[in-house]
Amino acid sequence: MGTVTPRTVLRYETWTLQPDREPDAEPVLYAMQCAVDGETSPTSEDFAEPQDWALRHCGQNPSHHTYREIITRPWRAWRRT
């Protein structure tokens with residue numbers, strides 16, 4: 001019978017995930033989406049712009065009362081030592 005050798009080495013590490021607030025992080029972006037027809041506002045770093053779009057959209061489409069907020073927020077993972 002031959003020698004038994006390990007084939008896999010497992011190493012457990014602790015990782016942390018958090019919003020990326022570094023100076024070079026991508027900006028947080030906002031958009032609104034109409035839940036009735038799926039139309040979506042342009043994305044913006046300022047939430048007021050998608051909110052204005054939603055108000056204009058419901059003014060032009062009086063039966064469209066439901067919207068989704070879409071937030072794109074950069075995150076980063078790092079290994080704790």
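Tutor: One term to start with: a contact means heavy atoms within 4.5 Å. Keep in mind that this is a predicted model.

Student: Okay. Which residues does histidine 64 touch, leaving out those up to four places away in sequence?
Tutor: Histidine 64 touches Cys34, Val36, Asp37, His57 and Cys58.

Student: Where does histidine 64 lie?
Tutor: In the loop between H1 and E3.

Student: And is histidine 64 buried or exposed?
Tutor: Buried. Its relative accessible area is 10%, and buried means under 20%.

Student: Let's zoom out. How many helices and strands are there in the protein chain?
Tutor: The protein chain has 1 helix and 4 strands. Along the sequence, the pattern reads β-β-α-β-β.

Student: What is the radius of gyration of the protein chain?
Tutor: It is 23 Å. A compact globule of 81 residues would come out near 12 Å. The C-alpha trace spans about 80 × 35 × 15 Å along its principal axes.

Student: What share of the residues is buried?
Tutor: Buried residues make up 21% of the 81.

Student: And what share of the contacts joins residues at least 24 apart?
Tutor: Take contacts between residues at least 6 apart in sequence. Of those, 57% join residues at least 24 apart.

Student: Now the helix. What span should H1 have?
Tutor: H1 has 13 residues, and at 1.5 Å a residue they should span 18 Å. The end C-alpha atoms of H1 are 18 Å apart, so the two values agree.

Student: Which residues of H1 are buried?
Tutor: Pro50, Trp53, Ala54 and His57.

Student: Where is glutamate 49 found?
Tutor: In helix H1 too. Glutamate 49 is partly exposed, with a relative accessible area of 47%. In sequence, glutamate 49 and alanine 31 are 18 residues apart. In space they are 8.2 Å apart, C-alpha to C-alpha.

Student: New topic: rings. How many aromatic pairs are there?
Tutor: The count comes to 2. One joins tyrosine 30 and phenylalanine 47, with the ring centres 5.8 Å apart. The planes are at 75°, and over 60 counts as edge-to-face, so this pair is edge-to-face.

Student: Which parts of the chain does that pair tie together?
Tutor: Tyrosine 30 is in strand E2, residues 29-34. Phenylalanine 47 is in the loop between E2 and helix H1. So the pair ties together parts that are 17 residues apart in sequence. Phenylalanine 47 counts as partly exposed, at 27% relative accessibility.

Student: Which residues form an aromatic pair with 90° between the planes?
Tutor: Tryptophan 53 and tyrosine 67. That pair is edge-to-face as well, at 6.4 Å centre to centre. Tryptophan 53 lies in helix H1 and tyrosine 67 in strand E3, so the pair ties together parts 14 residues apart in sequence.

Student: Is tryptophan 53 buried or exposed?
Tutor: Buried, with a relative accessible area of 11%.

Student: On to charges. How many salt bridges are there?
Tutor: There are 2 salt bridges. Arginine 11 forms one with glutamate 13, and the closest N and O atoms are 3.0 Å apart. Arginine 79 also meets glutamate 13 in a salt bridge, at 3.5 Å from N to O.

Student: Which residues do the shared partners join into one network?
Tutor: Arg11, Glu13 and Arg79.

Student: How accessible are they? Start with arginine 11.
Tutor: Arginine 11 is exposed, at 66% relative accessible area. Glutamate 13 is partly exposed, at 31%. Arginine 79 is partly exposed too, at 41%.

Key. Residues are numbered from 1 along each chain as its sequence is written. This is a predicted model: local features need pLDDT of at least 70, side-chain atom pairs count only at pLDDT 80 or more; totals for chains, interfaces and linings use all residues. Side-chain values use heavy atoms; hydrogens and water are left out. Rings of Phe, Tyr and Trp (its six-membered ring) pair if their centres lie within 6.5 Å; planes under 30 degrees apart count as stacked, over 60 as edge-to-face and the rest as tilted. Helices (H or I, at least four residues) and strands (E, at least two) are DSSP runs, numbered from the N terminus. Buried means under 20% relative accessible area, exposed over 50%, partly exposed in between (1.4 Å probe, protein chains only). A salt bridge is a side-chain nitrogen of Lys or Arg within 4 Å of a carboxyl oxygen of Asp or Glu. The expected span of a helix is 1.5 Å times one less than its number of residues. The radius of gyration is taken over C-alpha atoms; the globule rule is 2.2 Å times the number of residues to the power 0.38.
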